[in-house]
Amino acid sequence: MLPVVHRELISAARRRSTYTTRLATAGFALLALVWMYLFTGITGSTATRGKELFATLTIFAFVYSLFVGAWLTADCISTEKRESTLGLLFLTDLRGFDIILGKLASSSIASFYGLLAIVPLLALAILLGGVTLNDVARVALLLTNTMFFSLAIGLFVSTISQNERKALFATVLVIFVITVLPVAVVGIIHEVLEIKLSDTVQALGFLPSPIFTVMVSPIAEAPAGVGASVPFPFFTSVTVIHLEAWLFIWLASRWLPRVAHERPKSVRRENWFRRWRQWSFGAGELRLQFRRRLLDQNAFYWLAAREYRKPHYVWFALGAILAMWLGSAWMYPRFFEDTEIWIVLAFIFHLLLKIWYTSEVCTRLHEDRQAGALELLLSTPLGVRDIARGQSAALRRQFLRPVLVVLALDFILLVTTGNILTSTNKPATLAAIVAGMLVFPLDLYALKWVGLWRALTQPKLDRALLGAWLLVLALPWLVFVLIMSLVSYLIFVFRWNIPSEPGRGIGIGIISFWTLLGVVNSVVHATRARRRFFAEFRNIAMARFDGPAVREKTPLRAALANLFRGQPQAESGPRKNFLRRHPWWTAFACVVLALAGGLMLYRLNAQRQLAREVAAIQKRGEPISFDDLARFVPSLAPENNAGEKLMALFPQVTPLYQFKPAPAKSNTGTLPLRGRLPDDYRRWYLQAIAGNSNVLQTVREIGGFQQSQFPINWRQFNNPAFFQSYREWWHTLRIAELLNVQTLLSIDEGNQSQAVDSIELRFHLARLLGQEPIVAAHSSRLTIIGAALESIERLVNAGTLSPETIRRLQSLLRTVETNLLDTAPLRRALICERAVLIETSRESSDALVARAASFGGGPPGISSAAYEGMKFTGRWEATIAEELRRQSAEIELFNLPLAERQRRGAELDNEWAKLNGLGFGRFLMAPQRVPMGYY
């Protein structure tokens, strides 16, 4: 084994960060997996959810692997160069390749352990389905190869760099360019220049980018034609990225001996360096005047802002980004005509400016701290507040005017959006712009103080920058996402009433909550960092980093230490009680106990509500079980049951659409109420009647039956075959459709008597269907009656009716009116389906999911986990109890007079329309809302 690699691996294995990184990475990935499973997995099949969880976690791990080099290896060689220890290594027989591989091993072991902890969590998606072991293996290879690629780039940039900040941002820039540039070039050639490239050429253009590996990985589909054009596209891309990484390692090992020792600069290089320094810092009288002006104000102001051209860099970046966005808007106007796109772009620019601002805040103080310059500053009349004022003045000189320009552009966007936007989400859009304008300067203020404090306390610049970004920029979003996810889950479980207009109350409320989080977070962190900066500046500045870096003692870190180790006690002092020794642990336990107690009380209350509703129904003598239903709906003798005869006909019925000729493009519902039938329709209907002659003959025989009931064995409710018989009423609509066709042909032939016979049979079928203890059957009953009344209108419009026809039609209409006013059958159907809902509430989650599949699928994505979550919280019992109350109110409507029933029914419709329904009624067999026609 290479000697440096061996030594670095032993040293890295002893570091505490090697184990804490692995634990933190695995914990974060596990929390992300649980969060995605609970809060984003409510809909979709189990296999689909497995794929989504696998893909999402893979993308997070890919981003981590892609940019980990900027964090771990971007400064590993440049540190040695700044401390002048790199040349000592070459006094031995070590080569550049040995040192590079040693640094790679030392820097990569912690990140590799973190990645190794993520892979088993990716494999958990196999249990959900949709993901195979081969997919997990390929993704693990993809992530490892991407991490190796990122670390190699970091080593190369660190080899040619000396400044820590420049090395960090240069590594991010190189990774970003290699990742995005091939995709951008192919896109520009294909979209902008409109040059048609073959699939093979496009694939070869994508190959240098790690994004192409993701595009052909198991989590995404390959671009059109790519998979067929390149043999083994996934392994081809992995090989190319791997060779690129070795190329950077080779370049770093070749370059390292040249930069290990300081060599005299050539005349040409010295001239270029002098010209660049004169351009950056100014030359001659300009530099002297600038120096005097800054020193007269504050000495540290000159130290932090002595580079004269610094503000020009910000203006140049601002102009370049604006030019790029305006050029894109000119080339793709349809894409940029949406104001929300400009809001997103403004947010991105705010983020880039905040990142740059933080780097400027941290760099000066960190470099002075490392070089020991702060000790010299403290020996002068400069005080801590003078240093803070000087740093603030330097930041104002560099960023104040660009920030004001950005806020002015935000105001222009606000005015433009208010003038051109007319959609319902206009208030929320305007609120989002105002929120961004409010949070932007507060974040800059917080980043200044947090960045100064962390630059003073952290031994490395990347830790100071990352800590400031996480505390000020990422923490509010993390809290916001967690709280909104929890609220969404509670809305789903507890069925809270939320306004449906996203642009009004709910949208403005969400944006206001995000703004409040951002403002509070910025104010709290800025105040705390400012107080600690002034109080502890001298003590920290005088300390040297001879040993381990001084770590910031935060309350959270102290609480975690107390959680596992306990707080040390003085030998002579009295022993403190447990509550005072473990305050954070005690507070957490109290919160957990309070939540558990509240959940238990809510669950017990929901169970009592359901029990009271069921007891009240049973007290009224109405059925609450399948045994009660068998007595409540007694079976009919087969010889007197029209349902038995109808069910025997269902397999023999040939649907009307199977006889439809090619020229006929419409259905019977589009025929005019006057005039003769078109020839193609006539041929179509004649064939349908001829093909179903036996069925129609049997239907005429059923006309003498007065009772009907499809065979329903309530005790076999758990049998999937039960649902087939439960839904047989639906086929009655096909028979009614054939009778409607027969009526149309009779009217067309002028046979009024036969037309009235067909209409009468349809009314009779509707009456028989109304006897079924199923609410949906009554809806089909109304459909049949409506079509029959339309046939009567067509018969009246066809010509003069005979007295006999008029007499029969009047008798039919009186019978239908009497039948419709009889609410007893519908009331009985509601009572039966309420009993079915009570029985359903007692079943297991797996049985509910199985019934959903056998009954037609139900709403997509309802899984056992969703039911178990509702049952665990008690919301299942509360939902069933609420549905029982609604159904009981509907049933009581039919005991009221007609006028009172219509008024009360309209009130209930308006009241229930404001609430979210059960949502699972289609396969829980809970009755649907009763249409107004029944009232």
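Trainee: Which residues does Arg 364 touch, not counting residues up to four places away in sequence?

Mentor: A contact is read here as heavy atoms within 4.5 Å. In this predicted model, Arg 364 touches Phe 300, Leu 303, Ala 304, Arg 306 and Gln 391. Arg 364 itself has its place in helix H19.

Trainee: Is Arg 364 buried or exposed?

Mentor: Buried means under 20% relative accessible area. Arg 364 has 17% relative accessibility, so the residue counts as buried.

Trainee: What is in contact with Gln 391, leaving aside its neighbours within four places in sequence?

Mentor: Gln 391 is found in helix H21, residues 384-420. Its contacts are Phe 300, Ala 304, Glu 360, Val 361, Arg 364 and Leu 452. Gln 391 counts as buried because its relative accessibility is 3%.

Trainee: How many salt bridges does a search of the whole structure find?

Mentor: The search finds 16 salt bridges. One of them joins the side chains of Arg 885 and Glu 613 at 3.8 Å, N to O. Arg 885 lies in helix H40 (residues 875-893) and Glu 613 in helix H27 (residues 583-619), so this pair ties together parts that are 272 residues apart in sequence. Arg 885 counts as partly exposed at 36% relative accessibility, whereas Glu 613 counts as buried at 17%.

Trainee: Which residues are linked in a network of salt bridges?

Mentor: The network links Arg 620, Glu 622, Arg 827 and Arg 834. Within it, the side chains of Arg 834 and Glu 622 meet at 2.1 Å, N to O. Arg 834 is in helix H37 (residues 824-840) and Glu 622 in the loop between H27 and helix H28 (626-632), 212 residues apart. Arg 834 is buried, with a relative accessible area of 1%, and Glu 622 counts as buried at 11%.

Trainee: How are two packed helices described?

Mentor: The description uses the angle between the axes and the distance between the axes. For helix H33 (residues 732-749) and helix H35 (residues 775-798), the axes come within 11 Å and cross at roughly 0 degrees. H33 is therefore roughly parallel to H35. Among the residues making the contact are Leu 733, Ala 736 and Leu 744 of H33, with Ile 784, Arg 794 and Leu 795 of H35.

Trainee: Which residues make the nonpolar surface patch?

Mentor: Residues of a patch have over 30% relative accessible area and no salt bridge. Val 344, Phe 347, Ile 348, Leu 351, Leu 352, Trp 477 and Val 481 make a nonpolar patch of about 560 Å². Helix H19 (339-371) and helix H23 (461-494) each supply at least two of its residues, and H19 gives the most, with five. Leu 351, in helix H19, is partly exposed, with a relative accessible area of 34%.

Trainee: What does the secondary structure of the chain come to?

Mentor: The chain has 42 helices and zero strands. Buried residues make up 45% of its 935 residues.

Conventions. Residues are numbered from 1 along each chain as its sequence is written. This is a predicted model: local features need pLDDT of at least 70, side-chain atom pairs count only at pLDDT 80 or more; totals for chains, interfaces and linings use all residues. Side-chain values use heavy atoms; hydrogens and water are left out. Patches are made of residues with over 30% relative accessible area and no salt bridge: like charges are joined within 9 Å, nonpolar side chains (Val, Leu, Ile, Met, Phe, Trp, Tyr) within 5 Å. Accessible areas come from the Shrake-Rupley method with a 1.4 Å probe; for residues, only the protein chains shown count as cover. A salt bridge is a side-chain nitrogen of Lys or Arg within 4 Å of a carboxyl oxygen of Asp or Glu. Helices (H or I, at least four residues) and strands (E, at least two) are DSSP runs, numbered from the N terminus. Buried means under 20% relative accessible area, exposed over 50%, partly exposed in between (1.4 Å probe, protein chains only). Axes are lines fitted to C-alpha atoms, for helices over the stretch in contact, and angles run from 0 to 180 degrees between N-to-C directions. Angles under 35 degrees count as roughly parallel, over 145 as roughly antiparallel, 65 to 115 as roughly perpendicular and the rest as oblique.
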